[in-house]
Amino acid sequence: MYEKDGERYFVFDSHLHFWDASPENWVKGQEQYAEGWINCFHAYMGLAPAETHWPIEKFQKYSVEDFEKDVFKAGHVDVAVFQSTYLKEWYTKGFNDIEQNAALLDRFPGRLILNGRWDPREGEAGLRQLEADHAKYGIQGVKLYTAEWYKGSRGWRLDDAAAVPFLDKCVELGIKNIHVHKGPTIWPLDKDAFDVSDVDHVATDYQDLNFIIEHVGLPRIEDFCFMATQEPNVYAGLAVVIGALMHARPRFFAKVMGELLFWVGEDKILFGSDYAIWEPKWQVEGFVDWEMPDDSEYSDYPRLDVSGKKKILGLNGAKLYGVEVPDELRLPVPADEPASPESAVGVR
Amino acid sequence: VTLRSRVLAELGTVYDPELDEPITTLGFVGSCVVSAGGDVEVRLRLPTPQCAPNFAYLMAADARAAVRRLREVREVTVVLEDHYTGAEINAAVGRGDGFEAAFPGETAGDLGALRRLFQRKALVAREGRLLAAGPPPSTLGELSGPDAQRCRELRRALGIAADDDAPAFVTGDGAPVSDFVRFGRMARLTALSLDANGGMCRDLLRVRYEEEEGVAA
């Protein structure tokens, strides 16, 4: 919970990590990729305020105590979603697999939500694993990396036929939040790596599932916006948008927010810190303080008021995951209006 | 005018196909060495080791082709540094081979379609900037300045009429724009996407190479 100027904000961080990218965890013969990956993440940290930068050694592997301090104590986060990221071709024990993440659940009861993952290229065994993960952890969501390498394949698409049984399984088990990372290096290599058209197809076919597009399809934000505006079950994940732009490129940040508010709307945008790339503290505080610039270039963008910030920072995400929000942190329901599903955030 | 400055001018005609900016102003040319005998070595550097191989290949191949246009130049070597597919790309570019030869079995065709897709995006983005500047004229001849000039180049590359009498604003498919409100919104967003993307690339490049100044044309 974060309090500023008498307003209290429930903070739901829909996207963070607890990873191990230390050299001990690099796969033999794949060291250059393991090192390149974490160095690339570390470069992104360089876009944050200088006083929040970490040395590479700490960035490769940070402690549970660091996590607790940065996220829950200093970072104002009430509830956070762990996105599992395997990358086992490069990291022996995985970058942060579901077992690693699960180890933290007992330590922070009620504060962490564990998401799983699947990969259609694993076929029947992958389906059984998804069932097992659901049975063991009751997962409500998954994070999908369509660009992940797997046995010579450099990636996959959500509208591949092989993905159908997995999406069906998600519907069957009630795994309703599908976070999709749109990243580089998808196969085939001669196509646009950030293409979001596969999401468009499955969002139409699977109306019961929510598709949260992490990093809002950056750098193809235009394709993402044109799609999201037509698909009611497509959401914008703000991880990277705040972290990479709010401090380093404030004018771009304002325009990106303006476009997201126009095309996607404040009810379908979710805060995500992408910790440990960026600490939540400066992102939450900066976002609460942020205002659309007051000059003509920004004049026809929608404005974001306190209630919109409350939705984006916490209430929207809490609703998707059925997290109960204390009464005093919800938005007030006007007396002359019947309660709508929107005002019943977290009450199920 | 030295040969090196002419080489740099040629490199200035090579655009990042995704950002629609010259590789020289983006800082992607890390060094450019011209020997007394006219051999040229250009080293390219990108914001991350994982930048998309397809765009990386296009820039390296375009850079080599641009420098080879100069008659006084002898051997041309273009090296993509610190990239996870650098070895494959450098070998294919050095042989004058296409992208599919660099990654056998991992592509489904050449990069022409990808390049055209981004030329269309770039055209719409440039038009978005022009529309933001004032009320739209009806013919291309009434537009001037760098964005208008680049629009003409992109339209020619895409086979869209680019003479002075042609419509000032066209969609990515070449159809004259009719609904300027809707097109303007989409074009502005496309321009923002390119600008934000370019900004992030610059930031990451700066963080990655810190004090090492690139070579500007």
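Is Glu18(B) buried or exposed? I looked this up and found that Glu18(B) counts as buried, at 11% relative accessibility. For this notebook, buried means under 20% relative accessible area, exposed means over 50%, and partly exposed lies in between, with a 1.4 Å probe and protein chains only.

I note that this is a predicted model, in which local features need pLDDT of at least 70 and side-chain atom pairs count only at pLDDT 80 or more, while totals for chains, interfaces and linings use all residues. Residues are numbered from 1 along each chain as its sequence is written, chains are lettered from A and ligands numbered from 1 in the order in which they are written, and side-chain values use heavy atoms, with hydrogens and water left out.

**Entry on salt bridges**

Glu18(B) takes part in one of them, with Arg220(A), at 2.7 Å from N to O. This pair crosses between chains, since Glu18(B) sits in the loop between β1 (15-16) and β2 (21-22) of chain B, and Arg220(A) in the loop between β8 and α8 (221-228) of chain A. Helices (H or I, at least four residues) and strands (E, at least two) are DSSP runs, numbered from the N terminus. Arg220(A) is buried as well, at 2% relative accessibility.

I then looked at Arg6(B), which forms a salt bridge with Glu72(B), the closest N and O atoms being 2.1 Å apart. Because Arg6(B) lies in helix α1 (residues 3-11) of chain B and Glu72(B) in the loop between α3 and β5 of chain B, the pair ties together parts that are 66 residues apart in sequence. Arg6(B) is partly exposed at 31%, and Glu72(B) is partly exposed at 37%.

Arg115(B) and Asp62(B) also form a salt bridge, with 2.9 Å between the closest N and O atoms. Here helix α6 (residues 112-133) of chain B holds Arg115(B) and helix α3 of chain B holds Asp62(B), so this pair ties together parts that are 53 residues apart in sequence. I also wrote down a network of salt bridges that links Asp20(B), Arg126(B), Arg129(B), Asp147(B), Arg150(B), Glu153(B) and Asp195(B).

**Entry on a buried charge**

Which side chain of opposite charge is nearest to Glu214(A)? I found that it is Lys143(A), 6.0 Å away, and that Glu214(A) is buried yet has no salt bridge; Lys and Arg count as positive and Asp and Glu as negative, while His and the chain ends are not counted. Glu214(A) lies in strand β8 (residues 210-214) of chain A. The side chain of Glu214(A) makes polar contacts with the side chains of His179(A), at 2.6 Å, and His15(A), at 3.3 Å. A polar contact is a pair of N or O atoms within 3.5 Å; within protein, one must be able to donate a hydrogen and the other to accept it, and residues adjacent in sequence count only if both atoms are side-chain atoms.

**Entry on strands**

I traced an open sheet of five strands in chain A, in the order β6-β7-β8-β9-β10, with parallel pairing. Its edge strands are β6 (141-145) and β10 (269-270), each of which pairs on one side only; two strands pair if DSSP finds at least two bridges between them.

In chain B, five bridges join strand β4 (residues 40-44) to β5(B), and the two run parallel. Leu80(B) is the bridge partner of Leu44(B). Strand β5 (residues 76-80) of chain B is largely enclosed by the rest of the structure, because four of its five residues are buried.

**Entry on cysteines**

How many disulfides are there over all chains? I found zero, where a disulfide is a pair of cysteine sulfur atoms within 2.5 Å. The sulfur of Cys51(B) has its closest cysteine sulfur in Cys201(B), at 6.2 Å, which is too far for a bond.

**Entry on the backbone**

I noted a cis peptide bond between Tyr275(A) and Ala276(A), with omega about 10 degrees. Asp5(A), although not a glycine, has a positive phi of about 50 degrees, and Asp5(A) is exposed at 69%.

How values were computed
A salt bridge is a side-chain nitrogen of Lys or Arg within 4 Å of a carboxyl oxygen of Asp or Glu.
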